[in-house]
Amino acid sequence: MAVRRSVLVALALYQSYMGLAETSGNPTHYGDPKTGCEADEQAVRVQGLAGDFCSPKCSSAGSCPSDVPQGDTAAPMCALRTTTGDKYCALKCQADSDCGTGACQKIMGMSRQFVCKASQETSAAPSA
């Protein structure tokens, strides 16, 4: 029986990232916070990851919304957990090509955990 384990990371949640987090310019989940997140998402930045992305909370069953940005082939998974125990979704990837216009980055301290960040440019959001 395979056990799915969440990555325990420090997430910085930005409810008003650049004043745009509550308005949605993104047609799907997991978009770039610079253009706004969906109503059920938070702008997040994973400690040690250069960049950020919009992330919904995982459902109580551990599932995540399946609508991803155009060009993304990465799989939405309940892969992140805050230090307070809240669980968030991320697009788990293996290569930049999985992330459309974004980038696949390794989570520091995790040997096989990679997630898509929204864009290939470095984010100005502070880390936790």
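Before the details, a word on conventions. Because this is a predicted model, local features are discussed only at pLDDT of at least 70 and side-chain atom pairs only at pLDDT 80 or more, while totals for chains, interfaces and linings use all residues. Residues are numbered from 1 along each chain as its sequence is written, and side-chain values use heavy atoms, with hydrogens and water left out.

Let me begin with confidence, by which I mean pLDDT, the predictor's confidence in each residue on a scale from 0 to 100. The mean pLDDT of the chain is 77, and 72% of its residues reach 70 or more. Among the elements, strand S1, residues 7-8, has the lowest mean at 48, whereas S6 has the highest at 94. Two stretches call for caution: pLDDT stays under 50 over residues 1-8, where the model has 16 contacts beyond four places in sequence, and again over residues 14-22, where there are 23 such contacts. A contact here means heavy atoms within 4.5 Å.

As for the overall make-up, the chain has zero helices and eight strands, where helices (H or I, at least four residues) and strands (E, at least two) are DSSP runs, numbered from the N terminus. Buried residues account for 46% of the 128 residues in the chain; buried means under 20% relative accessible area, exposed means over 50%, and partly exposed lies in between, with a 1.4 Å probe and protein chains only. If we take the contacts with a separation of 6 or more, 49% of them are between residues 24 or more positions apart.

Now to the strands. S3 and S4 run antiparallel and are joined by four bridges, two strands being paired if DSSP finds at least two bridges between them. Within this pair, Gln42 stands opposite Ser55 in S4. The two strands form a hairpin with six residues between them, and Gly48 in the turn has a positive phi of about 90 degrees. Five of the six residues of S3 are buried, so S3 is largely enclosed by the rest of the structure. Gly51, in the loop between S3 and S4, is buried as well, with a relative accessible area of 2%, and its C-alpha atom is 7.2 Å from that of Ser119, which is 68 residues away along the chain.

Which residues make up the largest nonpolar core? There are eleven: Tyr30, Cys58, Cys64, Ala74, Cys78, Cys89, Leu91, Cys93, Cys99, Cys104 and Cys116. A nonpolar core is a set of buried Ala, Val, Leu, Ile, Met, Phe, Trp, Tyr and Cys residues joined through side-chain atoms within 4.5 Å. A second, separate core has ten residues, including Val44, Val46, Tyr88 and Ala90. Tyr30 sits in the loop between strand S2 (11-14) and strand S3 (41-46), is buried at 4% relative accessibility, and has a phi near 70 degrees, a positive value in a residue other than glycine.

The loop between S4 and S5 also deserves attention. Ser63 lies there and is partly exposed, at 40% relative accessibility. Setting aside residues up to four places away, Ser63 touches Cys58 and Cys89, and its C-alpha is 6.3 Å from that of Cys78, 15 residues apart in sequence. Gly62 is found in that loop too and is partly exposed at 22%; its C-alpha is 9.1 Å from that of Tyr88, 26 residues apart along the chain.

Finally, how many salt bridges does the model contain? The count comes to one, a salt bridge being a side-chain nitrogen of Lys or Arg within 4 Å of a carboxyl oxygen of Asp or Glu. The partners are Lys57 and Asp86, at 3.7 Å from N to O. This pair links distant parts of the chain, with Lys57 in the loop between strand S4 (53-56) and strand S5 (75-81), and Asp86 in the loop between S5 and strand S6 (87-92), 29 residues apart. Both partners are partly exposed, Lys57 at 45% relative accessibility and Asp86 at 30%.
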